[in-house]
Structure formats: C-alpha cells, structure tokens
Amino acid sequence: MKSQQNPTPSSPDNRVTLVRTFPRFKLSQRWEHAILLLCIAILLLTGLPQKYNTTVWSQAIISSPDRLNTIQQIHHITALVLSALVLYHLGKAVYLIARRKLPGDMLPTLQDISDAWNMLLYLIYIKKQKPAFGKYNFEQKVTYWFLFFSIGIMIISGYVMWFPETITRILPGGIVPAAIMAHSTEAIVTAIFIVLWHFYHVHFERLNLSIFSGWLNEDDMRTYHALEYYQLVRQPRADQVSGDMKS
Amino acid sequence: MLKLSPIHKLPGIFLVVGFIILISLLKFTPTQASEPEQQTEEYCLSCHSNPDLKLTLTSGEELSLYINSDELQTSVHSPNGIECEACHTNITTYPHPAINYQTRRELTRVYYSTCQKCHPDNYSRTLDSMHAQAATAGNLNAPVCTDCHGSHYIHPPSEPRTLIPATCGNCHTQEFTIYQSSVHGNALTQESNPDVPVCTTCHGVHNIHDPRTQQFRVAEPDLCASCHANQEMMAKYGLSADVYSLYSISWHGVDVSVYQARWPTVQHNSAICTDCHGIHNILKPDDPNSSVNRKNLLVTCQKCHPGVGPNWIGAWTGHYKVSLQRTPFLFYVDSFYSIFTPVILWIFGIYIALQFIRFMADRVRRSL
C-alpha cells in the first residue's frame, strides 16, 4: 500500500530497501485521537491550575480574576468539544453495531487475561517468549477502556459541576459535592495513567506513531502484532489490501 | 600560706559596685515627675459639687456643671491622682475664661482631644475608624472618646462585659436589639457568658472599620474561626470545631480563600459564614427561626441561587465530615477513590517497572 525507501546513500551497494507497511488506523480515527489529545491537554492545563490554586505555578497562570474567568471558559469550551467527540465515537459504534460491522478488535476477551498473565511471567523471566498479540494487545485495550471510563466520569461529573442548579431539579443534591470530588480525583488518576502507561508504551518502549501516520511497518507488525500479521500475510483477502506488496 | 588572688576579692567588688549603682538609681530616678500638680479636685468641687450649677450656651442648651464627688471617686482617673486640671487644661483658677461654644456637642468635640495627651495610641486609632470618617463627612454625632467611655465618671469599659453592646447600642439601636435576641447576645445577657462575642470582638475597638467592604467580607470566615475553630471553647458548648476547616475545603470556602489571599478588594460573592447564618441575628441551627434551619435552608440558598429546587440543599455538605449517613454520595465516591486510586497506580506502576527492567536488561544483553 505504502512504500518507503530506506535512505542508505552511503551503503556500498546503494540498494533500495522496500519496507512493507500495514494500515492500522483510518483517517477518522487519527483525527479522533488528535482531537482527544488536544482536548485532554487543554483540559489538564486549564483544570490543574484551578485545583492546585495555592501553588506558585498556578498563581502565575491565574494571575487575575479575569484570567480565571478566561481559563474557565476555555475549560468549558474544550469540554464541549470533547463531549461532541465522545458522542461521535459512541454514535459511530452504535451505527456499526446496528449494521453488524463493528470490528471487535478492541473488545476485551478472556484471551487478554491469559495474555496479561503470560506477559507477567515473561517479565519476571519465567517464560522465554512474549505472548503473540492481535491487532490490539491487552495493554492497548487497557489504555482504551481506562480512558473510556475515566472520560465518562469526567464528562458526567463535569456537567454536574457546570449546571448544578439544573441537575438537582431531577437528581439528589448530594451528587454535587460527590461530582466535585470525583472530577478532581479522577483527573489526577487519569493524568498519571496517561503519563505512566500510555507514554511508556508509545514513546519509551518504542516510538509508535501509527496513530498519527496511520500505518505500521512490517517489523513492528511482526514483533508486536504477530497474530494479526500472520493472519494478514498468510490469508490475503481480496477486500483487504493490507498485506499486499506494492512498490 | 595561701595568698589571696584578685579573683577571691571579686564578690566584695561586686557588692560595692552594686550598692553604688542601686543608690544612684534610687537617688536620680525622677520619681513620678510626670504627675501634674493635682490638688485641684478639692478646690474645683467647692463650687462644682452644687447640683444646681449650670450654664446656658448660646444655642439655648443647658450645660450642667455639677460633678458628683462620690461617683468621681469610682472613676479610673480621680483615685489615681488624675484630677480636673489634667483635662480642663485651660482652667487654672477662678474666674474661668469665657466659654465660647455654641452647643454641648461642639464643646464635647473640642474637649475630647485632651484624651490624646495620655492615650495617644488609642486616640490615633480612632482617627482611622469608621466613626472618624463619619465625622469628617459632616456627622458631628459620630462618637468621640467620651461618648463611649464617659467623661467624668470613666470606668473600665468591659466591666461588666455586658456593658459593651449596650454602649454601642446607644446609637446602633437596631443592631443592638437584633444582637440581644441572637444566640450570642442571648448568652451574654442571660448568663454573662464570657466566650460569646460582643460588638468589639468582631468590629474591633478603636479603629472600627466599615464592615461592608470586600476586605472585611473575605476576612470574615477567619473572624468566626477565631472562636469556632477553637477546640477547647467549642467543646464547652458541644459544638463542632471543624466547621471552619470543612468550610474552607468546600466550594464556597475555596473560592473565598483564593480571593482573600490574592484579590481581597475584588468584588466577589461566594458565600461566607454570615451569608447563611446571619450577622447580628445568628441563631442556633435547630432554632426554627434560624436561616440555616433545615426548613429555612432552601430559602437561604435561593438568596444566591435563585430558583433552585428542594434537592439543592442536599448539595451542601453542611460542615460535616464525609459519612454514610449525612453525605452518602460523597461517601461512596470517597470510598471508591480511596481504594481505586492506590490499587490502579500500584498495579500499573509495578507492571511498567517490570517492563522497564526487562527492556533494559534485554538491551544490555544484546549489546554485550
């Protein structure tokens, strides 16, 4: 599908190496991720100074009541964008389910639990081999589902804090302080999770930019998504160009 | 034989030197040199003990010139030797110089400045007060020293303590009446309670400031906390001393603390203690007339949150710690995160640490 020239001008034979690439994310998914990333970054940047209002860095950002007002407005607008994104994501999932077209790759399975167990055994040198993963390994599923639920909590609690007077017309008042606590705590847990878990896996372990570029190269496919790779390579289907070699 | 070294003579030298210093101190210390020549009282009273002695001012007002010598003896000044002439500096003998004041008030406002002679600190504090501002603005009835303390018969102003609200109440009648029926005022009048605040506890004494300013507003929770966060004092009355600390982590309290610390002059309306509990009319929360009584709470909330429904009062955690009975939702969320957060972070942390160790170990092994 896509080919890349390995630029090796200094090599003696000056061979052109072909690297086969495999599509991993659709354009819409890449946009979803980019918007999500931006939203979370802005929400954290505008939310954390409000939470840690006694710190020096927070007071540098929130330097006046007007600035506080602006920051809250940015937070609210970004929250609306994130809500729209979540609605789009859920709507798409519902649409795909209705058409029986939802790829089940991201759904957690029992296999993930045994994968996690085997991975743990591998990490403590009991097993020699890493388990072979499909399109999404259990680490990536944990990332997705953790953020899925924490964004859910953030959005619900956020709207309770934004419109407490309206919401308590229907729901009991006690949810307002509960929402404040949940919003504040969940934000920290999520931020730590992203930095610890997600950043480790996509930046440190290997630089995985497939969510931006849309594709993965053959080496990475074979190493990290062996099941998917062999499935694609051995059983190339007519409707699936991914395994095809084109140059 | 032992020879006496100079060191053995030291105590004697000390004694002699000390004696000389003592003598010189006694000799040359000006003993009460500042005491005025005050043998005036007896002399003045020879005329002024006449109850009928009076003067008519140009405004037609009568000025009584009678001094009750018995009561004068109970004043803080007279028995301490501070007599007539100390204040009436312009009158040294009889006949007196002519009095040119139009009204009694004019006379008072001139005479009171003699307080400054001995009480300069408190005098200058009053110049910084709301009362001085009112006088500058033209209200000649704004109080001066003698209006609160008295003139000839000056007693310690806080003996008894119940006297203080009555003194302020001479002018601030409405506030005084309301205060008397409040939980604080009631305890003061009924049982002479030594802990409840009187006017000056909150408003200050000489440099009383305008309580309607934003600075006063944002500092007000601290003012209440000076008693209500005092464990020992609150325990006496079976009250919680956590009300302030719980308020300060609440939505209102956080807001107010930010404004207090950083923008104390910027207008801001997050609720402070008095917004809900009242000011001079504070009642016990279980009093049916209290603004924070359960049945009045919604109306109180609606002052700032117009149109909120009856569920709204449940949003107020009510100065109580998180508990299943009082704040069930908060309790569940709190319990959830107190387990979820450490569990999640430990599991993920350990997993990433193991991954990192294996990753580095493999890398080192490959490079060998």
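## Helix α7(A) against helix α19(B)

In this predicted model, α7(A) meets α19(B) through residues that include A:Ile175, A:Met181, A:Val189, A:Phe193 and A:Trp197 on one side and B:Phe329, B:Val333, B:Tyr337, B:Leu345 and B:Ile352 on the other. Residues are in contact if their C-beta atoms, placed from the backbone, lie within 7 Å. Helices are DSSP runs of H or I with at least four residues, numbered from the N terminus. By class, this contact has 19 nonpolar, three polar and one charged residues. Nonpolar means Ala, Val, Leu, Ile, Met, Phe, Trp, Tyr, Cys and Pro; charged means Asp, Glu, Lys and Arg; the others, Gly among them, are polar.

The axes of α7(A) and α19(B), the latter spanning residues 328-367, come within 10 Å and cross at roughly 5 degrees. Axes are lines fitted to C-alpha atoms over the stretch in contact, with angles from 0 to 180 degrees between N-to-C directions. The two helices α7(A) and α19(B) are therefore roughly parallel, a term for angles under 35 degrees.

## The contact between chains A and B

Chain A contributes 28 residues and chain B 31 residues to the contact. On the chain A side, α6 (164-167) and α7 (175-204) each supply at least two residues. The most comes from α7(A), with 14 residues.

## Domains of chain A

Chain A is assigned domain 1 (28-102) and domain 2 (106-213), with bounds from an automatic or database assignment. Their centres, taken over C-alpha atoms, are 16 Å apart.

## Basis of the description

Residues are numbered from 1 along each chain as its sequence is written, and chains are lettered from A in the order in which they are written. Local features need pLDDT of at least 70 and side-chain atom pairs count only at pLDDT 80 or more, while totals for chains, interfaces and linings use all residues.

Key. Two residues are in contact if their C-beta atoms, placed from the backbone, lie within 7 Å. Angles under 35 degrees count as roughly parallel, over 145 as roughly antiparallel, 65 to 115 as roughly perpendicular and the rest as oblique.
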